[in-house]
Amino acid sequence: MGGNSPCASCKLLRRRCTKDCIFSPFFPSDDPQKFAIVHKVFGASNVSKMLQELPIHQRADAVSSLVYEANARMRDPVYGCVGAISYLQNQVSQLQMQLAVAQAEILCIQMQQDQPLTHENHQQQNMISPHIDNSLLNPIPQLMNFASTSNVGQDPLKRESLWT
Amino acid sequence: MSSINGGRRCAACKYLRRRCSEDCILAPYFHPSNPHRFACVHKIFGASNIARMLQHLPVHKRAQAADAMAWEAYWRVQDPVYGSNAIIAHLQHEISKAQNELQMTRAQIAIIQNFQHQQHNQIQPNQQLQAFWALEDEPFVLPDLPHL
């Protein structure tokens, strides 16, 4: 805090770190890189305004998410977090398709069990569409044509969790 | 660049109340017809930051970068605490759910197929038995014995 050594933000900004410095709880002096990245992407004054508009108990989460986004943008200067989102959306689509195929297969098997396979009901099976779980439909807009320029999009979130 | 907009200022210069020069770096990506888009970007990133980030990119990548930053800014304005992270968390949750459901469905298929296979195997011995009893109807013929 401001009493002894300045926080990482005040150190970088070369100013006096006061007792009520809005950054000091979240940017300790032993991790200068954390604030440096956030400052580079968002700017100290923007981050300060964002934090001031939030209740105190939500600021830590906000800082964590800002750090995450800033890191993503540093890794992928074109797409940032959006590359990861696009990749995950594709994964959801692929899983939806695989699930539909598997559910159709179960339907076919069940129908074969109920009825011996004749020429007529073989054609009927091909016309049945399986039930698709609509909970997989995400509410966010599909981001078309967003591809990553770096490794972020290929394996964005398996290696790291959102919150450290 | 302002000639692209027919001499009008881009959304960025309009918002910042400045003259929109011909080489305004933001003009191609912030059309005056969508002022809200730049307002979000300005609130979260700041005009100078976004201009600097675009300047560091090759020209053919700038449109996509501007779109991506506009989306991130929009999500952050909608959710000031988590921003785009909330969407990522939601998608990760959906993927996990879908993977579990797929695993269960495939396990069901394996169980059904195994059961069917077992049923099929149970039928065959009966068929063999039927073939054996069918021999009753044919005359019994002694095989040729070798000469001793």
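A: The accessible surface of chain B amounts to about 9,700 Å² (Shrake-Rupley method, 1.4 Å probe; for residues, only the protein chains shown count as cover). Carbon and sulfur atoms account for 55% of that surface. The model is predicted, so that local features need pLDDT of at least 70 and side-chain atom pairs count only at pLDDT 80 or more, while totals for chains, interfaces and linings use all residues; side-chain values use heavy atoms, without hydrogens and water. Residues are numbered from 1 along each chain as its sequence is written, chains being lettered from A and ligands numbered from 1 in the order in which they are written.

Of the 148 residues in chain B, 35% are buried (under 20% relative accessible area; exposed is over 50% and partly exposed in between, with a 1.4 Å probe and protein chains only). Read from the N terminus, the order of elements is α-α-α-α-α. Among the contacts of chain B (heavy atoms within 4.5 Å) with a separation of 6 or more, 42% join residues 24 or more positions apart.

The account now turns to the interface. Chain B contributes 46 residues to the contact with chain A, and chain A contributes 51. In general, the size of an interface is often given as the accessible area lost when the parts come together. Between chain B and chain A, the buried area (the accessible area, with a 1.4 Å probe, that two parts lose on being put together, summed over both) is about 4,300 Å². Carbon and sulfur atoms provide 66% of this buried area. Within chain B, the residues that lose the most area to chain A are Val81(B), Ile88(B) and Leu91(B), which together make up 13% of what that side buries.

On the side of chain B that touches chain A, the elements giving two or more residues are helix H2 (35–44), helix H3 (47–55), helix H4 (59–78) and helix H5 (84–134). H5(B) supplies the largest share of that side, with 23 residues. By class, that side of chain B holds 22 nonpolar residues (Ala, Val, Leu, Ile, Met, Phe, Trp, Tyr, Cys and Pro), 10 charged ones (Asp, Glu, Lys and Arg) and 14 polar ones (the others, Gly among them).

Helix H3 of chain B includes Asn49(B), a buried residue at 10% relative accessibility. Its side chain reaches the backbone oxygen of Val41(A) at 3.4 Å. A polar atom of the Asn49(B) side chain also lies 3.1 Å from the backbone oxygen of Phe42(A). Residues up to four places away in sequence aside, Asn49(B) touches His39(A), Lys40(A), Val41(A), Phe42(A) and Gly43(A).

Over all chains, the structure holds five salt bridges (a side-chain nitrogen of Lys or Arg within 4 Å of a carboxyl oxygen of Asp or Glu). Three salt bridges are counted between chain B and chain A. One of them joins Lys43(B) to Glu53(A), with the closest N and O atoms 3.8 Å apart. Another pairs Arg76(B) with Glu69(A), at 3.0 Å from N to O. This pair crosses between chains, from helix H4 of chain B to helix H4 (residues 56–75) of chain A. Arg76(B) is buried at a relative accessible area of 1%, and Glu69(A) is likewise buried, at 1%.

Other salt bridges have both residues in chain B. Asp67(B) and Arg37(B) form one, with the closest N and O atoms 3.0 Å apart. Because Asp67(B) lies in helix H4 and Arg37(B) in helix H2 of chain B, the pair ties together parts that are 30 residues apart in sequence. Asp67(B) is partly exposed, with a relative accessible area of 30%, and Arg37(B) is partly exposed at 21%. In the salt bridge of Glu94(B) with Lys97(B), the closest N and O atoms are 3.7 Å apart. These two residues are three apart in helix H5 of chain B, and therefore separated by about one helical turn. Glu94(B) is buried at 4% relative accessibility, whereas Lys97(B) is partly exposed at 32%.

Terms used
Helices (H or I, at least four residues) and strands (E, at least two) are DSSP runs, numbered from the N terminus. A polar contact is a pair of N or O atoms within 3.5 Å; within protein, one must be able to donate a hydrogen and the other to accept it, and residues adjacent in sequence count only if both atoms are side-chain atoms.
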